[in-house]
Amino acid sequence: MKIQTTRERLLASTMIGGAALAALVVTPAAAQDQPAQVKEVVITGSRIPQPGLTSTSPLSVINDQEVKLQGTTNAENLVNSLPQVFASYGSEVSNGSTGTATVNLRGLGTRRTLVLIDGKRMMPGDPVLPVADLNQIPATLIDRVELVTGGASAVYGSDAISGVVNFIMKKDFEGLRIDSQYAFYQHDNNDSFSRTANTAHGYTPPTGNVTDGATWDFTAVMGASSPDGKGNVTAYMGYRNTQAVTENKRDFSNCSYSAINNNPLVCQGSSTSFPGRFTSVTLAKQPSKTIADSSGNLTPYSGAANSFNFAPYNYFQRPDERYTGGYFAHYQLKPWMDVYSSFMFMDDHTVAQIAPSGAFFGRTFAVNCDNPLLSAAEVTQWCTSQGLAGSQDASLFIGRRNVEGGPRQDDLRHDAFRLVLGAKGDFADAWTYDVYAQYGATVYSENYLHDLSLRKIGRSLEVVNVAGVPTCKSVVDGTDLACVPWNIFKLGGVTPAATAYLDTPGFKEGNTTEQVVSASISGDLGKYGMKSPWAKDGLGVALGAEYRREALDFRTDLEMQTGDLAGQGGPIPSTHGTFDVKEVFGEVRAPIVQDAPFAKDLSIEGGYRTSDYSSSGHINSYKVSGEWAPTDDIRFRGSYQRAVRAPNIVEMFTPQAIGLFGGQDPCAGAVPTASLAACQNMGVTAGQYGSILQCSSAQCNGLFGGNPTLKPEESTTKSYGVVFTPSFIKGFNATVDYFDIDLTGAIGALPATSTLASCVATGNPLFCGKVHRAPVTGVIFGGPTGYVQAGNVNAGFLATKGLDLEMNYRANLSDWGMGDHGGLRFNLVGTYTQTQDNQPSPTAAVIHCAGMFGPQCGTPTPKWRHKFRTTWTTPWRMALSADWRYIGGSTATVGGPNMVNKHIEAFNYLDLSGTWNFRDGMQLRAGVNNLFDKKPPVLDSSNLGLSSPPFGNGNTFPQVYDALGRTFFIGITADF
């Protein structure tokens with residue numbers, strides 16, 4: 001049995017990170033304290049082979065042992081465990097999910113993190129969010145993950161603003177390997193606060209022990225080498241099945257919490273309710289009404305008593321079924337040519353579920369006053385009181401859930417494949433080359449089920465009496481013979497026929513393709529005498545050229561394009577586009593002094609890439625770096641890099657359309673938070689002031705869309721660090737790195753919340769002119785006339801700075817006088833985020849997000865996070881490991897100092913796991929994460945950023961915290 005990567009493997013330990021890379025690459029013998037054999041390798045962040053695993057940029061590594069000890073079966077959870085990685089899309093997102101899994105380095109966004117497989121770019125995994133989809137990577141096949149945090153565009157091209165995640169896959173396998181794992185969640189629902197809050201609102205939360213959310217993962221790996229030993233084919237296939245968990249399975253998420261006027265959290269649902277909320281448009285200052293009984297009598301609507309609890313329907317974890325397959329192959333045709341190929345395929349099917357659709361409150365509907373479905377009380381309330389009668393229409397705000405039709409379901413499928421063909425080798429003694437072509441494609445389909453048609457709702461509310469039978473006007477006039485009256489004016493009035501008539505699916509489909517042709521050479525010019533007189537190693541260079549073409553085609557049906565579906569928040573237009581880029585790049589590494597007093601190694605590096613985009617023009621990126629090792633014990637390193645990101649097709653070519661953003665209207669309510677003068681600056685009349693309805697469920701309208709004139713983003717990254725490998729502390733090494741990233745011309749929608757806040761604060765027409773209010777009602781939600789402009793621009797500024805720390809120590813217990821009982825390994829990886837700033841536009845206020853969370857900052861950005869793993873390798877073919885995960889506290893960006901749950905305390909998690917090689921070729925692994933079943937922070941749901949990614953869910957941030965309780969896992973690996 002043999003597994004060996006094309007590069008030398010790292011130490012087979014639980015070490016993670018760049019400190020390990022400061023050490024030499026070693027053969028397996030070195031793990032037994034034998035003399036190390038130095039190899040020349042290529043590491044992520046440079047194309048120049050160099051002796052030892054040294055890097056001038058902060059670099060972290062996760063090896064395959066960590067995959068087993070974490071018990072993870074998906075790549076996103078593996079990388080999200082690192083403190084440099086921020087929460088992003090994953091299986092915990094339901095409302096607004098793309099069905100993909102993404103990675104976000106340094107909190108600068110998924111679009112600014114470049115993902116590679118074996119050093120080659122991953123294609124976009126979705127036409128809605130065109131970034132790499134980590135679902136395509138089977139965790140069992142991961143040999144290691146290398147993360148370079150900080151700009152790397154000079155080496156790899158666009159998108160590497162915050163860094164690079166490089167997945168190195170297992171290859172050169174011989175034999176058959178079967179790997180299977182089963183995992184599930186367990187939680188004890190015993191939260192007294194949740195029980196009290198739910199009971200006060202008439203809800204029944206779950207109690208006692210619950211086990212759910214099971215995931216089963218199976219992978220088979222097969223490999224064979226050629227008889228002459230010159231080639232190998234390694235093939236794999238995998239299957240993963242994850243079961244759904246709904247929010248009503250946890251007591252803290254059984255209802256949606258809100259803190260009203262800084263009072264304690266209470267269950268507070270949606271004003272689009274059941275049996276409904278009804279308000280006359282012309283009497284908006286009067287209290288809303290709801291349906292009292294089957295006779296159509298009315299009673300005042302109470303937000304506390306009548307709001308709709310949408311939480312029980314929502315998925316806390318989406319069900320998911322994934323198939324993967326592929327191969328890695330190579331063969332040495334000539335001594336100077338090794339041809340290689342790889343193919344990866346994925347079919348992923350998931351369903352996102354949220355609460356039922358309906359007529360969402362804030363949109364106006366016409367109801368004729370002679371409608372036979374109306375009771376006398378309703379006619380009096382909505383017609384007679386306004387001087388309306390007979391066939392005249394009353395204009396109503398209606399919020400009524402389609403509980404009869406069940407929850408909305410978003411059925412998402414992604415099929416992806418990636419093919420690489422290439423050749424590499426050595427020539428002329430000093431040179432290596434690599435030439436390859438790559439093609440990747442993702443096919444996407446989405447069926448949105450159980451939504452309602454706004455057009456049909458309007459027709460079903462316009463009803464007349466035809467021979468004693470309530471009949472739609474559209475049936476009478478022949479415009480819609482299928483129409484069925486929707487009797488929402490009496491309890492129990494809605495018929496199955498009406499529900500079936502209104503139920504309208506929506507469909508989206510599309511694909512992305514990426515084609516890459518690349519050629520590069522690297523050489524050791526020292527073989528030609530080109531080296532410093534004070535150095536033993538010569539000048540290293542790498543040169544290359546690359547062509548890349550990307551295409552995206554996203555299509556929506558008529559229902560989506562016209563915005564006819566009530567639960568979509570507005571029209572969803574089709575998007576099409578292509579671009580290509582031609583690039584030339586080069587690197588140089590120059591050792592200046594080596595093996596001299598106070599200069600064991602003094603080297604400098606430089607890199608440059610020039611790119612010509614068909615869509616956004618010419619752009620350059622570069623890097624300058626260096627390192628100085630006075631002795632073998634310490635090494636200083638630093639770098640300055642200019643990185644770029646060209647706008648993607650969605651950002652450039654998406655047509656403008658109404659969508660939703662999470663926030664509140666400062667001019668809404670009986671007592672608006674903004675003054676009359678401030679509100680008049682954004683289109684509110686004196687008559688409207690004090691009577692404008694607040695955005696339903698904290699979701700207002702924004703006008704979003706692309707901009708074909710966008711230019712590439714540019715960033716500068718400065719990093720300085722020190723690497724300790726002290727010879728006087730056997731088995732210890734550490735790194736400390738400072739990072740400072742500034743991004744200008746950030747591409748993105750001008751945040752509507754910032755536009756509203758800036759208008760209130762300054763009265764500047766630049767902001768106030770972007771607020772468009774519905775003519776009569778003055779609202780900025782519901783219909784298509786009230787919204788805040790939020791199209792894409794190159795106006796933003798992002799900045800982050802802080803420190804990365806890593807320490808590794810390993811020792812045999814016998815060294816401590818504890819006998820021959822194996823050894824211990826310790827690994828600490830931590831990140832201190834000093835600043836995390838966001839300025840949406842040059843005139844907007846800077847938003848400081850370090851240590852913060854909320855609508856403006858998204859998921860929590862704690863100032864300090866770390867992982868500390870301790871592993872005992874016993875002499876009994878068994879390893880036991882404990883991992884301490886720490887997430888620092890954070891504070892909400894909105895709300896006064898007395899706001900309830902404004903602060904999230906620091907969280908500590910303890911994970912236990914182990915492996916046991918119970919016979920040759922057989923390894924059992926098991927573990928439990930979140931050993932003490934620590935409940936996640938429970939927050940005001942309006943602070944979760946529900947309408948803009950990254951999302952919160954279930955009154956918390958499940959991408960950050962272990963929301964579902966303990967995770968138990970058990971797995972087996974069998975080699976044959």
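**Exercise 1. A buried glutamate**

Leaving aside its neighbours within four places in sequence, which residues is Glu247 in contact with? Then find out where Glu247 lies and whether it is buried with or without a salt bridge.

*Solution.* Keep in mind that you're working with a predicted model.

Step 1: with the neighbours within four places set aside, the contacts of Glu247 are Ser253, Asn254, Ala311, Pro312, Asn314, Tyr315, Phe316, Asn953 and Gly954.

Step 2: Glu247 sits in the loop that runs between strand 13 (245-246) and strand 14 (257-258).

Step 3: look for a charge partner. A salt bridge needs a nitrogen and an oxygen within 4 Å, but the nearest side chain of opposite charge to Glu247 is Arg250, 11 Å away. So Glu247 is buried and has no salt bridge.

**Exercise 2. The surroundings of strand 51**

Work out how covered strand 51 is, and which strands it pairs with.

*Solution.* Step 1: count the covered positions. Strand 51 spans residues 966-975, and seven of its 10 residues are buried, so call it mostly covered.

Step 1: take one pairing. Strand 10 (residues 175-189) runs antiparallel to strand 51, and 10 bridges join the two. Here Ala183 has Phe969 of strand 51 as its bridge partner.

Step 2: take another. Strand 50 (residues 922-929) also pairs with strand 51 in the antiparallel sense, this time over eight bridges. For Met922, the bridge partner in strand 51 is Ala974.

**Exercise 3. Packing around helix 14**

Identify the buried residues of helix 14, the elements that cover them and what follows the helix.

*Solution.* Step 1: go along helix 14 (residues 752-762) and pick out Ala752, Ser754, Thr755, Leu756, Ser758 and Cys759, which are buried.

Step 1: step off the end. Gly763 follows helix 14, and its phi is positive, near 70°.

**Exercise 4. Salt bridges**

How many salt bridges does the structure have?

*Solution.* Step 1: the total. With the 4 Å cut-off, the count comes to 52 salt bridges.

Step 1: Asp191 and Lys935. Their side chains meet at 2.8 Å, N to O. Asp191 belongs to the loop between strand 10 and helix 5 (192-200), and Lys935 to the loop between strand 50 and strand 51, so this pair ties together parts 744 residues apart in sequence.

Step 2: Arg400 and Glu404. The closest N and O atoms of this salt bridge are 2.9 Å apart.

Step 3: Arg455 and Asp564. This salt bridge comes in at 3.8 Å, N to O. Again distant parts of the chain are linked: Arg455 is in helix 8 (residues 454-461) and Asp564 in the loop between helix 11 (558-562) and strand 31 (575-596), 109 residues apart.

**Exercise 5. Rings, and charges over them**

How many aromatic pairs does a search of the whole structure find? Classify the pair Tyr236 and Phe328, then see which charge sits over the ring of Phe328.

*Solution.* Step 1: the search finds 30 aromatic pairs.

Step 1: for Tyr236 and Phe328, the ring centres are 6.1 Å apart and the planes are at 20°, so the pair is stacked. Tyr236 is in strand 12 (residues 231-242) and Phe328 in strand 20 (residues 320-334), 92 residues apart.

Step 2: check burial. Tyr236 is buried at 4% relative accessibility, and Phe328 is buried with a relative accessible area of 5%.

Step 3: The charged end of Lys171 sits over the ring of Phe328, 5.8 Å from its centre. Elsewhere, Lys424 lies over the face of Tyr340, at 5.4 Å from the ring centre.

Step 4: finish with a cluster. Ring pairs link Trp216, Phe218, Tyr239 and Tyr323.

Definitions and conventions: Residues numbered from 1 in each chain as written. Predicted model: local features only at pLDDT ≥ 70, side-chain atom pairs only at ≥ 80, totals over all residues. Heavy atoms only, no water. Helix = DSSP H or I, 4+ residues; strand = E, 2+ residues; numbered from the N terminus. Buried < 20%, exposed > 50% of the residue type's maximum accessible area, 1.4 Å probe, protein only. Lys, Arg positive; Asp, Glu negative; His and termini not counted. Contact = heavy atoms within 4.5 Å. Pairing = 2+ DSSP bridges. Phe/Tyr/Trp six-rings, centres within 6.5 Å; stacked < 30°, edge-to-face > 60°. Lys NZ or Arg CZ within 6 Å of the ring centre and 35° of its normal.
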